[in-house]
Structures are given as structure tokens and as C-alpha cells.
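Let's take a walk through this model together, starting with a pair of rings and ending in the core.

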Amino acid sequence: SNGFSLVGVGLGFGIVHVLTGPDHMSALATICANVSPAKAFLLGIQWGIGHSIGLVLVAVLLLAAMAPADEDEEWSDDTGDEIDVPENISNILESFVGIFMILLGLFGCWTAFRKKSKQQEGMEYEDDVYM
């Protein structure tokens, strides 16, 4: 039962995390625009899984980098349960988010341009870019 509650809490926090981040909403809106609701749902699931895997990998790397070098040494955390990420690392990670958002915007513009071009040529537009 503890495992199920942990998964439930994780899913709940994940949903709040996505809905309160404008970068998340813009990413989902860009990849799900102009596709069927069923395909948008599948794309959202894929994005969520990929985003979660990325967060776990970054967290593991940060925890490993901040772990005490000596096995006998304990974590020295003066703030309780929080782990402070150094400001320079935080800035680098936030810069990656900014770069990704710019690339995502360019991708959205390219997709819209491609769709409009195909429609002007009288061709059926297929959203094969995503899957």
C-alpha cells in the first residue's frame, strides 16, 4: 500500500508540476497542435515519460556530484530535507530550458509553415513529424 500511495503522490505532484509551468504548457501545446485528440493524448504521454526520465537522470547526476567523497562522511545538510543546487549549476540548467524553448518555437513555426505549404499545394497534410 505504501508503494501505491507513493506512486499516487508522485503522479499528483507531476500533474501539478506540468500545469503550473508555462514552459511545460507551451511544449505540450506545440507538439499537440493540429493533431487528433487521440494522437495528442499519446504525444502527451510520451512527453511526460521522457520529461520524467530526464528529471530523474538530472537528479541522480546532481545527487552523485554532491555526495560526500568519503564513505564515512555523512551528508552535511543544514537546511533539513532540502538540497541546495549551486547557483551556477542552476543557471546552466535554466539556460538549457531556454534554449530548448527557442528550438521548440522554431519547430512549431517550421511545422506550421510546412502544413500551410502543403495545403496551398492541395496536398493532404500528414502529421508524421511526431511519431
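**From a ring pair to the core**

Start in helix α4, which spans residues 87-120: F107 and W110 both sit there, three residues apart, or about one turn of the helix. Keep in mind as you look that this is a predicted model.

How many aromatic pairs does the count give? It comes to one. F107 and W110 form that pair, with 5.9 Å from centre to centre and 40 degrees between the planes.

Now step back to the stretch around them. The UniProt record, an unreviewed entry, places the feature "transmembrane region" at residues 49-69 and 89-113. Over residues 89-113 the chain is 100% helix and 0% strand, with its end C-alpha atoms 36 Å apart.

Next, turn to the largest nonpolar core, which has ten residues: V18, A27, L28, I31, C32, V35, A40, L43, W47 and L104. Two elements, α2 (22-32) and α3 (37-66), each give two or more residues to this core. The largest share, four residues, comes from α2.

For a closer look inside the core, pick A40. Which residues does A40 contact, leaving aside its neighbours within four places in sequence? They are C32 and V35, and both of these are also members of the ten-residue core.

Technical notes:
Residues are numbered from 1 along each chain as its sequence is written. This is a predicted model: local features need pLDDT of at least 70, side-chain atom pairs count only at pLDDT 80 or more; totals for chains, interfaces and linings use all residues. Side-chain values use heavy atoms; hydrogens and water are left out. UniProt positions are given in the numbering used here, feature names are shortened, and annotations may be inferred rather than shown by experiment. Rings of Phe, Tyr and Trp (its six-membered ring) pair if their centres lie within 6.5 Å; planes under 30 degrees apart count as stacked, over 60 as edge-to-face and the rest as tilted. A nonpolar core is a set of buried Ala, Val, Leu, Ile, Met, Phe, Trp, Tyr and Cys residues joined through side-chain atoms within 4.5 Å. Buried means under 20% relative accessible area, exposed over 50%, partly exposed in between (1.4 Å probe, protein chains only). Contact means heavy atoms within 4.5 Å.
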